[in-house]
Amino acid sequence: MEKRLLMKEITGHTILTCLLGSPVSHSISPMMHNEAFAHLGLDYRYLAFDVKVEELETVANALRSMGARGFNLTMPHKNAMYSLCDELSPAARLSGAVNTVVIEDGNFIGHTLKRRIADAVETAYQEGYRHFLCGMAQGCDFYFCPSSIGRCQRNLDFQQKKPIL
């Protein structure tokens with residue numbers, strides 16, 4: 001039996017969202033986002049565009065001009081987009097990078113959603129949970145161990161299989 005996605009037809013009102021990075025052909029983000037949009041009844045589509053870092057500003061401005069709602073970024077685009085944002089969330093300012101951009105009234109508003117994950121893990125830690133492994137698209141992005149949560153946060157480089165912080 002073939003699995004069918006819930007997606008509706010694309011219309012003249014369909015709103016574009018996307019992933020920008022290189023490479024992105026392996027990403028399952030479009031499948032996940034489009035299924036979620038359909039489930040929620042939203043007339044949105046999420047695509048993945050292979051964009052080199054040196055093309056990022058041009059592509060981001062084109063998305064803004066076309067009325068896209070926003071986009072996600074892969075590394076190293078997260079660092080490059082930081083300086084292109086009109087506004088930054090407190091977490092993005094703190095991290096020096098953005099992984100999500102919302103286009104609001106023509107402005108790029110940069111966010112880092114990993115901080116929200118870290119906040120959730122910290123809350124769970126305070127409730128007595130002691131071991132956490134937070135997975136992202138390319139494997140484990142960070143982990144927390146039982147001792148002081150601030151001192152034990154680690155970023156892992158899974159290309160080299162070693163802690164980088």
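A salt bridge here is a side-chain nitrogen of Lys or Arg within 4 Å of a carboxyl oxygen of Asp or Glu. By that rule, Asp86 and Arg64 join their side chains in a salt bridge, at 3.1 Å from N to O. This is a predicted model, where local features need pLDDT of at least 70 and side-chain atom pairs count only at pLDDT 80 or more, while totals for chains, interfaces and linings use all residues. Residues are numbered from 1 along each chain as its sequence is written, and side-chain values use heavy atoms, with hydrogens and water left out.

**Salt bridges**

- The structure has three salt bridges.
- The Asp86–Arg64 pair links distant parts of the chain: Asp86 is in the loop between α3 (77-82) and β4 (87-88), and Arg64 is in helix α2, 22 residues apart. Helices (H or I, at least four residues) and strands (E, at least two) are DSSP runs, numbered from the N terminus.
- Asp86 is partly exposed, with a relative accessible area of 43%, and Arg64 is partly exposed too, at 25%. For the record, buried means under 20% relative accessible area, exposed means over 50%, and partly exposed is in between (1.4 Å probe, protein chains only).
- Arg69 and Glu104 make another salt bridge, 3.4 Å from N to O. Arg69 lies in the loop between α2 and β3 and Glu104 in strand β5, so this pair ties together parts that are 35 residues apart in sequence.
- Arg69 comes out partly exposed at 31% relative accessible area, and Glu104 is partly exposed at 33%.
- Lys52 and Asp50 also meet through their side chains in a salt bridge, at 3.4 Å from N to O. Lys52 is partly exposed at 40% relative accessibility, and Asp50 is partly exposed at 44%.

**Aromatic rings**

- Rings of Phe, Tyr and Trp (its six-membered ring) pair if their centres lie within 6.5 Å; planes under 30 degrees apart count as stacked, over 60 as edge-to-face and the rest as tilted. That rule gives two aromatic pairs.
- Phe37 and Tyr44 make a tilted pair, 5.2 Å centre to centre with 50° between the planes. Phe37 and Tyr44 are both buried.
- Phe71 and Phe108 have ring centres 5.9 Å apart and planes at 80°, so they pair edge-to-face.

**Nonpolar cores**

- A nonpolar core is a set of buried Ala, Val, Leu, Ile, Met, Phe, Trp, Tyr and Cys residues joined through side-chain atoms within 4.5 Å.
- The largest core has 17 residues, and those touching the most other members are Leu20, Phe71, Leu73, Met81, Val98, Val101 and Phe108.
- Elements giving two or more residues to this core are β1 (15-21), α2 (56-66), β3 and β5 (100-104), and α2 gives the most, with three residues.
- Val98 has contacts (heavy atoms within 4.5 Å) that include Leu73, Met81, Cys85 and His111, leaving aside residues up to four places away in sequence.
- A second, separate core has five residues, among them Leu19, Val24, Phe37 and Tyr46.
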